[in-house]
Amino acid sequence: MSSTSKALLTGAIALALGSPVLAYDFGRPATPGETALWDIDVRPDGKGLPPGSGTVAHGQQVFADNCAACHGDNGVGGIKDRLVGGQGTLASDAPVKTVGSFWPYATTLFDYIHRAMPYQAPGSLSNDDTYAVAAYILHLNGILPADGRLDRDSLSEIKMPNRDGFVPEPEFDPAKLFRTK
Amino acid sequence: MTNQSDIPVEERGNPGQSGLSRRNFIAASTGLAGSIVAGRAAADSLADVPPREVGADLGGHSERSKYVKISRIPEAGPGKRNVDPSDAINSKTPLDKLFGSITPSDLHYERSHSGVPDLDPVKHRLLVHGMVRKPLVFNVDDLKAMPSVSRVVFIECTGNGWENWKKADENLTVQNTHGLVSTNEWTGVPLKLLIELVGKDRGSNWMLAEGGDAAGVARSIPLTDEILNEAFVAYGQNGEPLRPAHGFPIRLIMPGFEGNLNIKWLRRLKFGDRPWMTRWETARYTQLEANGKAIQFQLRMETNSVITSPSGTMMIKPGYQRITGLAWSGHGKIAKVEISTDDAKSWKEAQLNLPVLPKAQTRFQMDWIWDGKPTKIVSRSTDDKGNVQPDRKSFIAATGTNALFHYNALQTWSVDEIGRVRNVLD
């Protein structure tokens, strides 16, 4: 940005902040009710997870109905991403990155299924079905037992096999960024 | 005599830098005129040029000449080319057919995770919320009414270059190897202004940016001073509203950072105090090293360059060749580009065409007289922060071959005894 446009921008911000009426002319307040409709993100500490629960057994049915066509009957061999197996391959010449071998957080699995899957109808699974199918995928990877069940407390407590498999780029390491200010 | 159209004098070239001058070119070409005109029709005469005639009516917009064949190519992963468009995950820019440094809007590379949504700008909304004093909803007209910035920047998919991690297919063009980078002028509202309007909490240093595509692509963005000063929410692309493939009606522009962070079809900005660890920043856009650990939050795009002509699958003849290409860096401006025409044994500084802008592609060029012997040509860029594009051997020694993303090693083109140009590793 040139110093001229910086100066213009600074002026514009000062102008906007100097007058609350003008500030409100840009956009309108969001209401809590409408924000809740879009506020779907889930963090590793479980913040953002909705109420509900689901079992591995129910998840097997949800998976067969909504996921197997692309990801294969057991999360292997489908036309889209493989979801199961691959543990022990990450340092080989042919790494297999799956939920079980690579994904560091189980909360990310819930978030991704909830926002983006099934591919043709994202957001169509209920919260209970999303917990259930996440439980089933974790079970296929040996992370949950066959009689397992997930809800927002138990999901965020799962430690994924590759949880410690990531190294942050030093410039943008979340543990260090912003700490020196 | 030499055809005037072959004289590659770039009037925009910076005369202060090494490279072409008309006098040098003509001196060189005089001695080589025979080799340059060889291959032209022997009886070329102005009498053969068709007579002038009245042309087509004026129109509402201009199409390309019917004589120009130029398009992107949809592709899937490394080695998965010539796929059905429904199986493609990206569509690459024809770098070998473009001039200057600005990519035409319809040829800007394209990447999407769930197709190009059909978004009605009247119904589209941007929600800005989270750790803020007053969450706000903006419509597109609100954003267009606000103070704006325009900036020419490159956007590059982190997968650019991924064809050459493990092997080099000799049939690849530069469109195949490097077509996931483009440069446009973008116009929009500074992120900083939106942050001031909602009153971001001082404790919030991370922002989630989320798209309105089916996948709801979402990335966590650290609010460093650099990003706060440079990021903006764009509605304009090369002077017109965004094209649908590039985020219509609004997208985030993050100069110098991973293409995936420039969230298209933007519908939500949420402020928080830590990253969200979305699928894209954990399972997808992370780089697996040889030891099996993956580098995360490698957000900046590296110093890079590639010769676009002569490049893969082209044929050249002995004599004068203009070498030209593009260089770019997510760190800042390109400071210099060096070219080797003897397999990286010796290097000569290329001319940089003006303007040289930070975090934008820069056009470079250099004279070359090919002696007809097999050789290899390579470009190497250095940016104004001192970052130098790495040679492939050192690069692979440091990263392994499994990273998939962030490949910026030197690109080598080999030239064989008949002038065939091919993609090779080094």
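This is a predicted model: local features need pLDDT of at least 70, side-chain atom pairs count only at pLDDT 80 or more; totals for chains, interfaces and linings use all residues.

Biologist: Good to know. How many bridges join β2 of chain B to β3(B), and how do the two strands run?
Modeller: There are two bridges, and the strands run antiparallel. β2 of chain B covers residues 90-92.

Biologist: And which sheet do they belong to? What is the strand order?
Modeller: They sit in an open sheet of three strands, ordered β1-β2-β3 in chain B, with antiparallel pairing. Its edge strands are β1 (73-75) and β3 (110-111) of chain B, and each of these pairs on one side only.

Biologist: I spotted B:Asn82 around there. Where is that residue found?
Modeller: B:Asn82 is in the loop between β1 and β2 of chain B. B:Asn82 is not a glycine, yet it has a positive phi of about 55°.

Biologist: Nice. What about the four-strand sheet in chain B, what order does that one have?
Modeller: The order is β16-β17-β21-β20, again an open sheet, and the pairing is antiparallel. At the edges you find β16 (304-309) and β20 (351-352) of chain B, each pairing on one side only.

Biologist: How many bridges are there between β17 and β21 of chain B?
Modeller: Nine, in the antiparallel sense. β17 spans residues 319-328 and β21 spans residues 362-370. For one example, B:Thr324 has B:Gln365 in β21(B) as its bridge partner.

Biologist: Which residues does the cis peptide bond in chain B join?
Modeller: One cis peptide bond there joins B:Ser309 and B:Pro310, with omega about -5°. You can find B:Pro310 in the loop between β16 and β17 of chain B.

Biologist: Let's zoom out. How is chain B divided into domains?
Modeller: Into domain 1 (112-285) and domain 2 (304-424). Their C-alpha centres lie 29 Å apart. The contact between them takes 25 residues from domain 1 and 22 residues from domain 2.

Biologist: Which elements of domain 1 supply at least two residues each to the side that touches domain 2?
Modeller: In chain B, those are β6 (149-156), α3 (174-178) and β7 (181-190). By class, that side of domain 1 has 12 nonpolar, 10 polar and three charged residues.

Biologist: Switching to chain A. Where do α6(A) and α7(A) cross, I mean at what angle?
Modeller: Their axes cross at roughly 130° and come within 10 Å. That angle makes α6(A) oblique to α7(A).

Biologist: Is the crossing left-handed or right-handed?
Modeller: The crossing of these two helices is right-handed. Residues making the contact include A:Leu109 and A:Phe110 of α6(A), along with A:Val133 and A:Ile137 of α7(A). By class, the contact has eight nonpolar, two polar and no charged residues.

Biologist: What's in the loop between α6 and α7 of chain A?
Modeller: A:Pro118 lies in that loop. The peptide bond from A:Met117 to A:Pro118 is cis, with omega near -10°.

Biologist: And α4(A)? At what angle does that helix pack against α7(A)?
Modeller: At about 95°, with the axes 7 Å apart. That makes α4(A) roughly perpendicular to α7(A), because angles of 65 to 115 degrees count that way. In this contact, seven residues are nonpolar, four polar and one charged. Among the residues that meet are A:Val62 and A:Phe63 in α4(A) and A:Ala132 and A:Tyr136 in α7(A).

Biologist: Last topic: how many residues of each chain are in contact with the other?
Modeller: 45 residues of chain A are in contact with 51 residues of chain B. On the chain A side, α1(A) gives the most, with seven residues. That side divides into 31 nonpolar, five polar and nine charged residues.

Biologist: Which strand of chain B is joined to β1(A) by bridges?
Modeller: That is β5 (residues 136-139) of chain B, joined to β1(A) by two bridges, and the strands run antiparallel. To see it, look for A:Arg28, which stands opposite B:Val137 in β5(B).

Notes:
Residues are numbered from 1 along each chain as its sequence is written. Chains are lettered from A and ligands numbered from 1 in the order in which they are written. Two residues are in contact if their C-beta atoms, placed from the backbone, lie within 7 Å. Ala, Val, Leu, Ile, Met, Phe, Trp, Tyr, Cys and Pro count as nonpolar, Asp, Glu, Lys and Arg as charged, and the others, Gly among them, as polar. Two strands pair if DSSP finds at least two bridges between them. Axes are lines fitted to C-alpha atoms, for helices over the stretch in contact, and angles run from 0 to 180 degrees between N-to-C directions. Angles under 35 degrees count as roughly parallel, over 145 as roughly antiparallel, 65 to 115 as roughly perpendicular and the rest as oblique. A crossing is left-handed if the near helix is turned anticlockwise from the far one by less than a right angle, and right-handed if clockwise. Domain bounds come from an automatic or database domain assignment.
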